[in-house]
Amino acid sequence: MKLGYTIIYVKNVPETVAFYEAAFGLTQRFMHESTLYAEMQTGNTVLSFSAEEVIELDGLAFAPNEKSAIPAGWEICFITEDVEAAFEKAVASGCAPVSKPHGVPWGQTISYVRDLNGCLVEIATPMNLEG
Amino acid sequence: MRLPDGYQERIYTPQQARSVEAVWRHEESQAGRSLILPDGRCDVIVRYNADRAVVPRLVVTGPATRPYWVTFEAWDRWIGVRLRPERGGVLWGDALARAKDQVALEDEAEALVPELAGLCVAGVSPADLQQALVRFVEGRALSPEGHRVGETVRRLHLTGGRFSVTELAARAGCSTRHLNRMFASTVGLSVKAYASLVQFHRALRLVCRAGGSLSDAAFEAGYADQAHMTRAMRRFGGFVPSDIPEGLIRPDVSGGLWGNRTA
């Protein structure tokens with residue numbers, strides 16, 4: 001078994017793609033012509049966005065991500081050497097700040113924001129597993 | 001679960017920009033009767049027959065919360081427009097408050113929608129019927145309250161009817177009392193009644209498709225136990241989970257997705 005995709009259900013796929021391009025510097029790699037599904041250029045494990053409205057036909061149900069509601073208990077974590085700059089760019093692009101960049105005992109610098117849909121996003125330095 | 005032969009529908013997207021949720025057609029090749037499951041929506045329907053000498057009949061339905069049977073003759077046909085739940089007022093106006101489980105036929109239907117009164121004449125073509133129905137329903141502005149109710153309807157469907165009214169009100173940014181009032185005046189049902197229908201339809205799908213036991217399905221659907229699911233299926237379908245009939249007329253209540261879906 002291999003982790004292939006992290007798929008986030010969102011209200012508006014193109015809007016979310018544009019937001020992730022601006023706030024986190026990602027690039028879109030695919031958009032279905034229906035605009036109900038898109039993938040970002042994130043290497044072997046793909047971050048993709050799918051329109052919420054398609055879930056019901058598969059019998060799924062979930063608590064939708066919304067800015068006004070408490071976020072779900074999981075996050076996306078982006079890794080960068082310059083957390084300060086990435087955090088500032090994210091907030092300047094419309095992310096809501098939750099925790100500004102700070103050091104933690106195990107050596108990382110970490111920070112948290114919420115994206116346009118209210119999802120929790122962490123921006124952190126890489127973890128040095130050899131340390 | 002198998003949809004009956006001859007039923008097809010086209011879902012309209014994007015959802016909230018429109019009044020029409022789906023345009024559907026149905027045809028029966030022999031006389032009989034069919035069970036219709038409640039979906040809480042209003043429809044405007046023209047019922048006609050392959051025999052063009054038969055005068056078509058206009059039907060306007062209110063939001064259904066109970067299953068009902070329809071009887072028909074050979075080669076009876078239907079063409080219908082299902083409205084988004086928050087658009088019931090387009091058909092019923094102020095009478096929406098009394099429209100629950102009501103079906104208006106012919107004169108009564110024409111009194112509700114006088115704009116369509118001249119439509120039902122012998123020999124009218126299906127294409128003209130469809131065009132007239134869609135044209136009548138579309139192009140109407142939705143009130144700000146209607147938009148807010150539409151958002152609540154969306155949340156109800158995404159959660160399979162499992163959000164509480166309290167949670168829905170918090171997300172809508174208003175009190176439960178205000179949400180209930182807005183919802184009832186726009187959809188024609190209480191939030192709770194509509195949520196129960198969404199939960200029932202999802203449970204039906206889980207029982208038929210999830211691949212687990214009935215108690216697994218009841219748990220995933222959000223019922224307190226299997227007995228609660230059984231009660232809901234009796235009430236909304238008239239059957240029990242272990243004996244779901246084939247060939248139910250079961251509109252795609254999600255109102256989602258990619259255009260044509262045939263039975």
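## Domains, interface and a cavity

Domain 1 of chain A and domain 2 of chain A bury about 1200 Å² between them, with 70% of that on carbon and sulfur atoms; buried area here is the accessible area, for a 1.4 Å probe, that two parts lose on being put together, summed over both. On the domain 1 side of chain A, the residues losing the most area to domain 2 of chain A are A:I8, A:F19 and A:F24, which together supply 42% of what that side buries.

Before we go on, a word on conventions. This is a predicted model, in which local features need pLDDT of at least 70 and side-chain atom pairs count only at pLDDT 80 or more, while totals for chains, interfaces and linings use all residues. Residues are numbered from 1 along each chain as its sequence is written, chains are lettered from A and ligands numbered from 1 in the order in which they are written, and side-chain values use heavy atoms, leaving out hydrogens and water.

Let's stay with chain A for a moment. Its domain assignment gives domain 1 as 1-53 and domain 2 as 65-131, the bounds coming from an automatic or database domain assignment. Taken over C-alpha atoms, the centres of these two domains of chain A are separated by 18 Å. Their contact (heavy atoms within 4.5 Å) takes 15 residues from domain 1 of chain A and 17 residues from domain 2 of chain A. What kind of polar pairing does the rule find across this interface of chain A? It finds 4 residue pairs in polar contact, both at pLDDT 80 or more, but 0 salt bridges between domain 1 of chain A and domain 2 of chain A. A polar contact is a pair of N or O atoms within 3.5 Å; within protein, one must be able to donate a hydrogen and the other to accept it, and residues adjacent in sequence count only if both atoms are side-chain atoms. A salt bridge is a side-chain nitrogen of Lys or Arg within 4 Å of a carboxyl oxygen of Asp or Glu.

Now turn to chain B, which is divided into domain 1 (7-137) and domain 2 (144-241). The C-alpha centres of these domains of chain B lie 24 Å apart, and the contact takes 19 residues from domain 1 of chain B and 23 residues from domain 2 of chain B. Between them the two domains of chain B bury about 1400 Å², 61% of it on carbon and sulfur atoms. Here too the salt bridge count is 0, and 2 residue pairs are in polar contact, both at pLDDT 80 or more.

Next, bring the chains together. In all, 20 residues of chain A are in contact with 21 residues of chain B. About 1800 Å² is buried between chain A and chain B, and carbon and sulfur atoms give 55% of it. In chain A, the residues that lose the most area to chain B are A:E53, A:E56 and A:L57, together 37% of what that side buries. Between chain A and chain B there are 4 salt bridges. B:R155 forms a salt bridge with A:E66, where the closest N and O atoms are 2.7 Å apart.

Finally, look inside. The count comes to 1 cavity of 30 Å³ or more, and about 50 Å³ of space lies in the largest cavity. A cavity is a set of points on a 1 Å grid over the protein atoms alone where a 1.4 Å probe fits but cannot get out, and lining residues have an atom within 4 Å of a point. Grid points are joined across faces, edges and corners, and a volume is the space filled by probe spheres set on the points. Residues lining the largest cavity include A:W74, A:I76 and A:C119.

Definitions and conventions:
1 Å grid on protein atoms, 1.4 Å probe; cavity = no way out; pocket = protein on both sides within 12 Å on 5 of 7 lines; lining within 4 Å.
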